[in-house]
Amino acid sequence: MYPKDYRYTKEHEWIKVDGANGTIGITDYAQHELGDVVFVEMPKVGTQLKTREPFGTIESVKAVSEIFSPVAGEVIETNSALADAPELINKDPHGGAWLIKVRLADPKEAAALMDAAAYETYIAGKAKEHSA
Amino acid sequence: MTTPATAALRKTALNPIHRQLGAKMVNFGGWDMPLEYSGILSEHEAVRTRAGLFDVSHMGEIEIRGPGALGLVQLVSCNNAAKLAIGQAHYSGLMTSRGTFVDDLLVHKISDAHYMLCVNAGNQDPDYEHIVEHNKFDATVENAGPRHSQLAIQGPRAKEILQGLTPVALDSIHYYHFTFGQVSGVECLIARTGYTGEDGFEIYFSPEQSAKLWGDLMQAGGPAGMLPCGLGARNTLRLEAGMCLYGHEIDDTTTPWEAGLGWICKMEKAPFLGSDVLAQQKRDGLKRKLVGFEMLDKRIGRDGYPVLIGGKEVGRVTSGGPAPFLKKNIGMAYVPSEFNAVGTDIVIGIRGQGEAARIVALPFYKRPQ
């Protein structure tokens, strides 16, 4: 379920590092928590992001959620498919519904984030908290 | 596993079934209720095009009985219950002495000496106390929520689905009328009412029959594409249909005139709680009015967001969000009376940025007749 070559944050973002660049999105756990996504607001290309700084919002029917950058870097591309089809985030959160691509300030920064196994353990703990 | 948080919440008899179906649960007015099962958008679409089944057992039922029943109902409720036939219901407001809302409700006339009031889940105890406090008619007032469960089946195919489970000829129950009859062999009050803007029924019955009725209805509705629906879709459906929600469009600071609910406020009957204040407000004119609006672009004006006209904040969004069937973003808000014309351009403040919106006529959605 959770791609082994991605890294994950506690706020449920993922990042796939490709040399000097990274692709960022939200996880399947996050899209399930959000419910049906109806609108996505993204930063402009060229925006400088700091680690853990909010860079946009994902709106579901009931709520607005901020998205936090897993790393520092510069936005080089945003996913234009999401403007007309925000529901892609629910359908394909790890693939077609990537949010932004960044030029990494430090290509090694993402390595310190949780790997897939650690993230799966983390969300299993959260699921126990929730179910009642 | 029960957490301390959910242990304190009230639960309907169907709670285990909602959890078994994998519903996302939410705390609604102190009740542990299903927010959504397959998703709010899919549930909303099901109700508009086929049918949806809602567990609304959290709603309250207050029974008023005795020779003084009509007198008491007439005092506390602003609509004219003397005009109800046996087997008829109407929408009304429970009024404070200031002409504002204690709650909104449906009043059902079961007999000359028996009325059943369906009230909001979170208000049932205060409503009961309020009615008892004003009971100078020696009527019997019962807070009957605990001995009622309620299901709502709503949508263009609701009647056809329910008909398969009842000997009652549903065509003979007109809109806002009700009867007593069996559904799946269970004695029910069957009412042609609802909170979605679609045709449909609300059925009231004894809680121990909940699982049987839910199961039989789900089975009957399956082939027609009926879905279980939660409070998320209940809210998007009522908003799209321009219906008020207590605590949002109406509360103890709003009057029926301001809320566009003058049609439930019958000043021609004998004085009722708050009628003197309402008569005065009518003479003085209204300072503010509830309007519907539509966002002009894709951003969503939500509950509590500021409404600006001419650069000045004039009110707040009372309810706002996506209208899934109409494919727009809509909302309601109170604006100063002089700005309430349909077509007026307004601005909704969305996280620090002004977004254009326009006042539109209510309701946003009306079902095809």
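Predicted model: local features only at pLDDT ≥ 70, side-chain atom pairs only at ≥ 80, totals over all residues.
## Two loop residues with positive phi

B:Arg351 belongs to the loop joining strand S18 (345–350) to S19 of chain B. Although B:Arg351 is not a glycine, its phi is positive, at about 50 degrees. This arginine counts as exposed because 12 other C-beta atoms lie within 10 Å, and the cut-off for exposed is 12 or fewer.

B:Ser184 also deserves a visit. You will find B:Ser184 in the loop between strand S10 (178–183) and strand S11 (186–191) of chain B. Its phi is near 55 degrees, again a positive value in a residue other than glycine. B:Ser184 is buried, because 20 other C-beta atoms lie within 10 Å and the cut-off for buried is 20 or more.

## How domains 1 and 3 meet

Zooming out, chain B splits into domain 1 (4–57 + 148–240), domain 2 (60–146) and domain 3 (287–360). Between domain 1 and domain 3 of chain B, the C-alpha centres are 31 Å apart. Their contact draws on seven residues of domain 1 and eight residues of domain 3.

On the domain 1 side of this contact, helix H3 (40–49) and helix H8 (231–240) of chain B are the elements that give two or more residues. H3(B) supplies the largest share of that side, with four residues. Sorted by class, the domain 1 side has three charged, two polar and two nonpolar residues.

Key
Residues numbered from 1 in each chain as written. Chains lettered and ligands numbered in written order. Domains from an automatic or database assignment. Contact = placed C-beta atoms within 7 Å. Nonpolar A, V, L, I, M, F, W, Y, C, P; charged D, E, K, R; others polar.
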